[in-house]
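Please look over the model below before reading the notes. The points go chain by chain, then to the contact between the chains.

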Amino acid sequence: MSNVDLLYQELISTFPEERVSRDEAIRTSYATDLSSPPGVATLPALVVLPKTTDEVKSLLVAANRFKVPVVPMSRGSNIAGLAVPHKGEVVVDLRLMNKIIEINTDAAYAVVEPGVTHHQLSLAASKKGLINHLPTATGGGSTVANYLMRPSGNLSAKWDPDPILALEVVTPSGDIIRTGSASFGTAGWRARYGPFPDLTGLFACSYGTLGIVTKMSVKLYERGEEERLLITKFDSFPPALEYMKLIVRRNLVDGVTFWNWVWNLFHELMVSKAQKLPEEMMKEDQRTPPPGIPFGIASARLSGCKEVVDVQEKTCIRLARELGGDYMPLEEIKTIHPGTWAYLNSYFVEGIHLKPGEESTMRAALWLPGWLINAEPSKILELEEEMWDFARREAKPPYMFRVLPFNHAREFFFAFVILITGSLEEEKDYMVHLRNAYATLYHTLLAKHGAIMFRFRQDPTFLALTGPYGELLRKIKNLVDPNNIMHPGVNLF
Amino acid sequence: MNNGIKLDKRLYNFTTRCVRCAECTFGYKNAEFELFCPIYNKFNFFTYSLGGIAQLARALHEGRINLTESVMDIVYHCTNCGACAEVCAEVDFPDMMELQHEVRARCVEAGQVPFAHMAVIEGLKKDDNMMQKPKAERGKWAEGLEVKDITQEKAEVYYHAGCRYCFDEELWPAARSAVNLLKKAGIDVGIAGKDETCCGGRAFEIGYQGEFIKYAENNVEMLRTAGIKTVVTSCSDGYYAFKVLYDKIDKKGDLQVFHITEYLDRLMKEGRLRLTKSAPLTVTYHDPCHLGRKVEPWLRKEEKLEAAEIYQPPRDLLNRIPALKLIEMRRIKENAWCCGAGGGIIDAHPDFARWVASERIEEAKATGAEAIVTACPWCKRNFSDAIKESGERLKIYDIVELIEQAR
């Protein structure tokens, strides 16, 4: 019997039969995501549906004993291959662990399981007059998995530096570790930091390579008596970047994102039900917007007491104008970019995503994220130029970018996305070409601009570039997961 | 691997562009994100969802998997209720169920269909009905009704009973009530009696698209010969077939198609029918999928959108019954939980069908209602069976029976 057979035998004796499967058809639907080229897929060895932390523990202990690797999948909506197997792993589908354990209104946090969606948490928090950080990812995505990857979103300025507080993690040895204030058992889930080194941080950005997170406490915020969307427009990117830096550092907004004109036109597919990308999006010169459309807009969320929000809004508008930008009245955005308005108002201000059927733009084009990287503000300006050069060399229109501040604008997140309008089969060569081009690019971006890529399957050589830090991490990895069963396909180590 | 399955470009694009968010398994915020996909709720693997089936379809298209019995089993557990399509519309068509229908059609081509469906289709071919009953018995439900036979004489309105009402004797009173009500309102109504044939809708849903087209053509030809311009049916599957499916294959022409609830509601608004007798009952109403989600706006040729959902008329009818109190369940209208009988499940997986029904019955009981009312013979049959099996005290009514009692 193979090790997978042995593991299967053990699992069917400990799990209800209907929550463990080695059926090929069942496994097939877990093999691919948006990043899978046509015909390329690795079937998971098994799929298991745990319901409790103890079941996760028994699964990991058994997998570790038989040295069978696992991939945790919280909700599965990752688009970059992080929740699909690459080496025949067991997929641990955590969707049945979908309880909101606690909404603590006194200390303003929630404790959730990995199967809880942004939708669920937003609704539950909202009923208590609170709001959670909402990323641009789908509303059906996992709050736990998304937060572990440093999410961009509507409260990115507010949660600086992180929306996560404490964790419960199961390691391959079967230890159930609670971090932060939760480590004491009597101190609640309110804080990330205690008297000891921060272990929450160890698991953030670890992509399931050190253990499976089974509970997380996350920050919640009071909903303002006023919640407002402020749109400013810019004719180029540099003043917009400076604007975002200023308004975040001066604590004027909860979050702000810059979207270039292509992205704004792309938003038009939301709500409008349009079947095809607008013609203007396909133009060769992607740097110059069509007449009457600004190069880009910065969408900011403001909330709090009305009098304060009024002042904050005025101040933001003044700063934008001083930098050459301008205020874009909501009536104007509703006219020029109605889809953008509907989307931003829902997700940015109301704190809830539109229905996928309204929000989705996939009907017209497939996303192929080029880079999702962070860098210092001045380097972000270099990255814009780098992006245009790269796109001119390697890509076909349309492509688009958005930028937002992280970490109180000490760094910015830069997302560059290429859209594939044809069928994946027709565009397979293009897709493979872009992937290869990206792989080289990441090293260039790090070397030239200090830009750090994340939320992707990694190139294993990246960790080596970090020297002693990487060596220490490897030691920790070996200590926690000596058999390297935790998500080896993500290539972090 | 050559399994002979190729999806068209639109469908393949959908399968490659699904982000696997699984939002197809639960309702949106007005449903508080509660799960509403029966197969996902029962089997829990992502595979049992529209997104999961999309990944399976992608693998079939790319030749990574064969059309095995296991694939067929998954595909044929879907109740075809269309809840998934309420939330998701990823691709360049709003009817997400097209993928499901296409995969089932390929299953039929490959001979991978549930044995029970083969038997049903054999029965259809032989006796023109989905109930595996002799054709000669089709008109029995209407014996003694004194209603015109449109194959013999002219009538203005054709009442199509549908296979389930025609052959399920327990349901005959509802079909007979429908005809009586139409006659009382002065409608020049006729039936086709023993010459009525299946609408083909359920054949379409289980993948027999050729059979569906054949029955669509038969029905349209019969109505053309009889000079019929208006069809009224009590069968929600029939309504879906005549109203939407026939239109999609360009067979509907200028036929006016009404569900009985819609038609009675109109007659009452015109003052042609009145309800005077009280029915002191507390009831809850179950929305049949084929009167709701499955007939919501669909993309017609020239991209014209047409809507045919019937959510309000049954409620208005119930509210007109003196002393009757209507209480709503949690999941209603576009977020309604399916009864479990659709998509051929009642034939292929009766245990699962009853499980789905029992979930709905629990929801109905939680309202405090004494009875669950529906407007579909398949829903009523499945609820009745589930209630009998569990020994529940909840009563089950066809809405037309209640209307007839209150008249």
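1. Chain B has 18 helices and 11 strands. Both are DSSP runs, numbered from the N terminus: H or I over at least four residues for helices, E over at least two for strands. This is a predicted model: local features need pLDDT of at least 70, side-chain atom pairs count only at pLDDT 80 or more, and totals for chains, interfaces and linings use all residues. Residues are numbered from 1 along each chain as its sequence is written, while chains are lettered from A and ligands numbered from 1 in the order in which they are written.

2. Overall form of chain B. Along the principal axes, the C-alpha atoms of chain B fill a box of roughly 65 × 50 × 40 Å.

3. Burial and contacts in chain B. Of its 407 residues, 58% count as buried. Buried means that 20 or more other C-beta atoms lie within 10 Å of the residue's own; exposed means 12 or fewer, partly exposed in between, with C-beta atoms placed from the backbone. Take the contacts with a separation of 6 or more: residues 24 or more positions apart account for 78% of them in chain B. A contact requires C-beta atoms, placed from the backbone, within 7 Å.

4. A sheet in chain B. Four strands form an open sheet with parallel pairing, in the order β9-β6-β10-β11 (chain B). Pairing requires at least two DSSP bridges between two strands. β9 (325-326) and β11 (395-398) of chain B each have a single partner strand, so one side of each is left without a neighbour in the sheet.

5. Which strand pairs with β11(B) over 4 bridges? It is β10 (residues 371-374) of chain B, in the parallel sense. Ile372(B) has Ile396(B) in β11(B) as its bridge partner.

6. Helices on that sheet. Helix α18 (residues 399-406) of chain B packs on the sheet and touches β10 and β11 of chain B, at about 80° to the direction of β11(B). Helix α17 (residues 377-390) of chain B also lies across β10 and β11 of chain B, but runs at about 165° to β11(B). Axes are lines fitted to C-alpha atoms, for helices over the stretch in contact; angles run from 0 to 180 degrees between N-to-C directions.

7. Chain A. It has 17 helices and 18 strands. Its radius of gyration is 23 Å, close to the 23 Å that the globule rule gives for 493 residues, so chain A is as compact as a globular protein of that length. Its C-alpha trace spans about 70 × 55 × 45 Å along the principal axes. Of the 493 residues, 53% count as buried.

8. Strand pairing in chain A. Strand β11 (residues 226-234) of chain A pairs with β13 (residues 296-304) of chain A in the antiparallel sense over 9 bridges. Leu229(A) stands opposite Arg301(A) in β13(A). β11(A) also pairs with β14 (residues 326-327) of chain A, antiparallel, over 2 bridges. There, Lys233(A) has Asp326(A) as its bridge partner.

9. The interface. In total, 42 residues of chain A are in contact with 36 residues of chain B. On the chain A side, α2(A) gives the largest share, 4 residues. That side divides into 16 nonpolar, 17 polar and 9 charged residues. Nonpolar covers Ala, Val, Leu, Ile, Met, Phe, Trp, Tyr, Cys and Pro; charged covers Asp, Glu, Lys and Arg; the others, Gly among them, are polar.

Technical notes: The radius of gyration is taken over C-alpha atoms; the globule rule is 2.2 Å times the number of residues to the power 0.38. Two residues are in contact if their C-beta atoms, placed from the backbone, lie within 7 Å.
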